Structures are given as structure tokens and as C-alpha cells.
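Dear colleague,

Please find the structure below, handed over for your use. The findings follow it, with the criteria behind each term.

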Amino acid sequence: MDYCEHRPTGAISNIVKCFWSINYVDHVDAQLEPILPDGCPEIVFNLADRFQKIPVFGGIETQATAIISGQLRSRIYIRPTGRVRLFGIRFQPFGAANYLGIPMSELTDQVLPLDSLVGEAAEEFECRIAEQNDFEGQVFVAEDTLMNNFSKTQGNTVIAANVTERIIRTGGREPMAALCALTGLGERRLERIFSRYVGISPKAFARTIRFQNVLRSLEASTSYDLSDAAVSFGYYDQSHMIHEFREFSGMSPLGYFQSKHPMSDLFTATA
């Protein structure tokens, strides 16, 4: 498996967290892979065999070759059907709103064909990505396309950016009152702006950040001390942390780390 990642600099870094690609040289076992909430919308181009999406409550959907995922509040499952060659754009939490031109709340918990939102521009974008022979070329095309299609940053985008930065920096433990003080806005007004540009409420985003912090910490640890983790990441107690972990992943921490999910592990390790 070949994984590449590029974190942009300059103006594009204000809207894109990273570009990534995954290539499997050989045929991949068709095992379910959980995709866990990470707080970032994403565009993914599938340049080989299609993936299947398996909703939590059953059924199978064959994914489009170019998709966009909004904010997720719980896991989804995907499964490869053969060769894997993916190129992805992971936006900053607030970064996709001005490209799509819609409230990000309309994309919450959704994985949709890109052309359903941007029309014929999706096909041109996908073709340009597919024509590239290497990851560097794909990144160049993606940066060029995004910079040429983003609308001018608006004041409310800056508010959403400042709030997400504060939530991330404090590990999801900043109280709502402090976020309101940061922005000078009332709680309901702040929630509306945040939902418009990020897709979920500040409280829901903070839960996602705490979950991701726990996930990365336990992934890097040689022992799973759940009591210490609960205290370190601001949960009421160990039971509260396990409940939250199960809400996001569908499993307890121990159950999750005993199972195999190589593709998901890549994103946990590089978040």
C-alpha cells in the first residue's frame, strides 16, 4: 500500500487541511472499513474500482467515482471491490462552504456524488485529476481548481474559522460561553453561523475533536489506560468516554483496537 500526503502552505492552507492519495498495487480484500468522524469535509476521487458504502442500518450502495462527504456524526462503512487508487482533498472544518456555495448543514451525515452539488465542473475536475501521472500533479490540479473556484472569504467564515481553531486548540473543552465571548455573539447566533459554515454545532464539533484526540492517543499507546484517558481528555469518567467512543465508532475502545482497519488507521495516524 502506498500512502502520500501533502499539507499545503500559503493561501490554500486556509481552506484545505491536506491532500492525500492511497494506491494498492494488488487486489484488496473486500473487508469493511469504518470511516470515523474527524471534523473535516472531504472530496474523494476514485480512480480505480468502485467502493461500496454500507450504511449502519443495512443495504449496499455503489459509490460514485467523485464524492463529497460532509461532517459525520457517526461512522459509516465502506468496502473496496478490487483495485484501489484514491485521491482526496481534506478541507479545513469550515473550508468547503465557499466552494460549494451551500450551507454545510445540508451535507451533514451525507456522502454524495460531487456532480450533484457542482454540476459539470465535477466531471472536468475528475478528468484533470485522472490525467495526472503522479501525486504531485494531482495536488497541483486540485490547488489550481480550488483557488479558481472559491468565493471571497466572508466575515462569517472568519468567525467559524476562529471558533474551530479555539475548539481544536483546547481539545474540545472550551465552554460555549467562552466561544461566545471570543466572537461577541450570542449562543444561538453563533450556532447558526457555525452550522452554516461547518455543518454541525460547536458542541457537536467539540465532541468530535475530543473523540479524535482519544483515538490518536490510544492508537499511539502501548497500553490502554482508559481511566487516565478519560481524565486527560475532559470526560466525566471512564464510562462517559466509552459511551462517547461507542457512539462514534460503534465499538468500545478495546473492541476497536482489536479489529483490523488498515485504511482508517492511516488517517488516524496522520490527522
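Ring pairs join Phe19, Phe45, Phe87, Phe125 and Phe135 into a cluster. Here, rings of Phe, Tyr and Trp (its six-membered ring) pair if their centres lie within 6.5 Å; planes under 30 degrees apart count as stacked, over 60 as edge-to-face and the rest as tilted.

The model is a predicted one, in which local features need pLDDT of at least 70 and side-chain atom pairs count only at pLDDT 80 or more, while totals for chains, interfaces and linings use all residues. Residues are numbered from 1 along each chain as its sequence is written, and side-chain values use heavy atoms, with hydrogens and water left out.

Aromatic pairs

A search of the whole structure returns 10 aromatic pairs. In one of them, Phe19 and Phe87 have ring centres 6.2 Å apart and planes at 10°, so this pair is stacked. Because Phe19 belongs to strand β2 (residues 16-24) and Phe87 to strand β9 (residues 84-91), the pair ties together parts that are 68 residues apart in sequence. Helices (H or I, at least four residues) and strands (E, at least two) are DSSP runs, numbered from the N terminus. Phe19 is buried at 0% relative accessibility, and Phe87 is buried with a relative accessible area of 0%. Buried means under 20% relative accessible area, exposed over 50% and partly exposed in between (1.4 Å probe, protein chains only).

Charges over rings

The charged end of Arg196 sits over the ring of Tyr197, at 4.8 Å from its centre. Arg210 lies over the face of Tyr235, 4.4 Å from the ring centre. The criterion is that NZ of Lys or CZ of Arg is within 6 Å of the ring centre and within 35 degrees of the ring normal.

Gln212

Gln212 lies in helix α8 (residues 202-220) and is buried, with a relative accessible area of 6%. Leaving aside residues up to four places away in sequence, Gln212 touches Leu36, Pro37 and Asp38 (contact means heavy atoms within 4.5 Å).

The open sheet

Four strands form an open antiparallel sheet in the order β3-β8-β5-β6. Two strands pair if DSSP finds at least two bridges between them. The edges are β3 (33-35) and β6 (61-62), each with a single partner strand, so one side of each is left without a neighbour in the sheet. Strands β5 (residues 51-54) and β8 (residues 76-80) pair in the antiparallel sense over four bridges, and Lys53 stands opposite Ile78 in β8.

With kind regards
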